[in-house]
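Hello,

Here is the structure I promised to pass on. Please open it first; my notes follow below.

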Protein chains: 2
Amino acid sequence: MITALDHIAIAVPDLEASIKRFMEDFGLPFNGTEDVEAARTTTAFFPLPPTSIELVYPLRGEGPIAKYLEKKGGGMHHLCFRSDNIEEDILRLKAKGYQFLSEGPSEGAHNSKVIFIHPKSCDGVLIEINQPGDEH
Amino acid sequence: MITALDHIAIAVPDLEASIKRFMEDFGLPFNGTEDVEAARTTTAFFPLPPTSIELVYPLRGEGPIAKYLEKKGGGMHHLCFRSDNIEEDILRLKAKGYQFLSEGPSEGAHNSKVIFIHPKSCDGVLIEINQPGDEH
C-alpha cells in the first residue's frame, strides 16, 4: 500500500551550488549526501518530514541523471511514493497495465527497495515506489 | 520564512483519468477540485499532510497549463514552498538575484497569496511560494 509521498527528486547540474541554494536561500534543513551506486547518483537530502526533497547529481559523471542533465539542464526528475509492501504494489499496478523500468525492485538509498514506473504509464511523470529499509 | 513543502503540481491532459489513477491505483486521499481563476486551472487536491499533490488542468482549455500540455503532454509542473511571510521571502530572494514571474504576489487557491520564481533562477525548476489564506 502507498503510505506517503517519500520524496521529490530534482536533478541539478551543480550539486554544491544547489545545496547552498536550498539551505541558505530557502532555509531548508540539510541532512548530508549519499552516493547511491544503484542509481549512479550522489544524492543530497533535505528532510521535510514525512517527505523530503532530494537533489540528484550524476555519480562519476554518468548514468541516467547525466543523460537527463545533458538534455534538460536540470529540473524535477521524479516523485517517490513510500510503500509498506512494494511487491504487492508492483503486482497490483502491473495488473492494471502499468509498465515498470525493471522487472523487480533494486536497492536504493538507505537500504530501501525501489522500482520506477515508466513515465508513459503516468502522464509523463516518472514515479518511484520505495519501501524503506530496516534502518530508515 | 519557508515553513514547509506546500505541494507539488502535476499537469495532466485528462483530469478525470488522473484523479482516478491517483485515487484508485495509488490509493491517495482525494479532496475535490477547485477552479483557480488567477492560474487559469482546475486543480484537484490530494492531501498528504503537511504537503499535497495537486493535479492542474487548463480551465476553459487555455492558459499556462494548456501551453505546457501542448509542448510536453504532461508532467511535474512546479513545486510550492509554504511561507509565513511571503513579502519578506520575496524581498530576501530578490536581493539574492532571484527573478520572479510577476512583480508581486497574486491570489491562489484557497485564498492564498502566491508568486512564482523563474525556473532559470532555480536549475529549471518552477518554484511557487504560497502564503496560506486565513481559512487554510
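Start with one helix. Asp89(A) and Arg92(A) both sit in helix α3 (residues 86–95) of chain A, 3 residues apart, about one turn of the helix. Helices here are DSSP runs of H or I with at least four residues, strands are runs of E with at least two, and both are numbered from the N terminus. The side chains of Asp89(A) and Arg92(A) form a salt bridge (2.5 Å, N to O). By salt bridge I mean a side-chain nitrogen of Lys or Arg within 4 Å of a carboxyl oxygen of Asp or Glu. Asp89(A) is buried, with a relative accessible area of 0%. Arg92(A) is partly exposed, at 27%. The cut-offs are under 20% for buried and over 50% for exposed, with partly exposed in between (1.4 Å probe, protein chains only).

Some ground rules. This is a predicted model, in which local features need pLDDT of at least 70 and side-chain atom pairs count only at pLDDT 80 or more, while totals for chains, interfaces and linings use all residues. Residues are numbered from 1 along each chain as its sequence is written, chains are lettered from A and ligands numbered from 1 in the order in which they are written, and side-chain values use heavy atoms, leaving out hydrogens and water.

Other salt bridges

Over all chains, the structure holds 14 salt bridges. One of them joins the side chains of Glu37(B) and Arg60(B) (3.1 Å, N to O). Glu37(B) lies in the loop between β2 (33–36) and β3 of chain B, and Arg60(B) in the loop between β4 and α2 (64–72) of chain B, so the pair ties together parts that are 23 residues apart in sequence. Arg60(B) is exposed, at 54% relative accessible area. Another salt bridge pairs Glu103(B) with Lys94(B) (3.7 Å, N to O). Glu103(B) is exposed at 68%; Lys94(B) is partly exposed at 33%.

Thr42(B)

Thr42(B) belongs to strand β3 (residues 41–48) of chain B. Thr42(B) is buried, with a relative accessible area of 13%. Its side chain makes a polar contact of 2.9 Å with that of Asp35(B). A polar contact is a pair of N or O atoms within 3.5 Å; within protein, one must be able to donate a hydrogen and the other to accept it, and residues adjacent in sequence count only if both atoms are side-chain atoms.

How the chains meet

Chain B can be laid on chain A with an RMSD of 0.0 Å, by a turn of 180° and a shift of 0.0 Å along the axis. The two copies are thus related as by a two-fold rotation axis. In chain B, the C-alpha nearest the axis is that of Met76(B), 3.3 Å away.

The contact (heavy atoms within 4.5 Å) takes 36 residues from chain B and 37 from chain A. The copies meet through the same surface, as 100% of the interface residues of chain B are also interface residues in chain A. Between them they bury about 2900 Å², 68% of it on carbon and sulfur atoms. That area is the accessible area (1.4 Å probe) lost on putting the two parts together, summed over both. In chain B, Phe26(B), Met76(B) and Asp123(B) lose the most area to chain A, together 26% of what that side buries.

Across the interface there are 4 salt bridges, including Asp25(A) to Lys96(B) (3.1 Å, N to O).

Best wishes

Key
Copies are superposed by least squares on the C-alpha atoms of residues with pLDDT of at least 70 in both.
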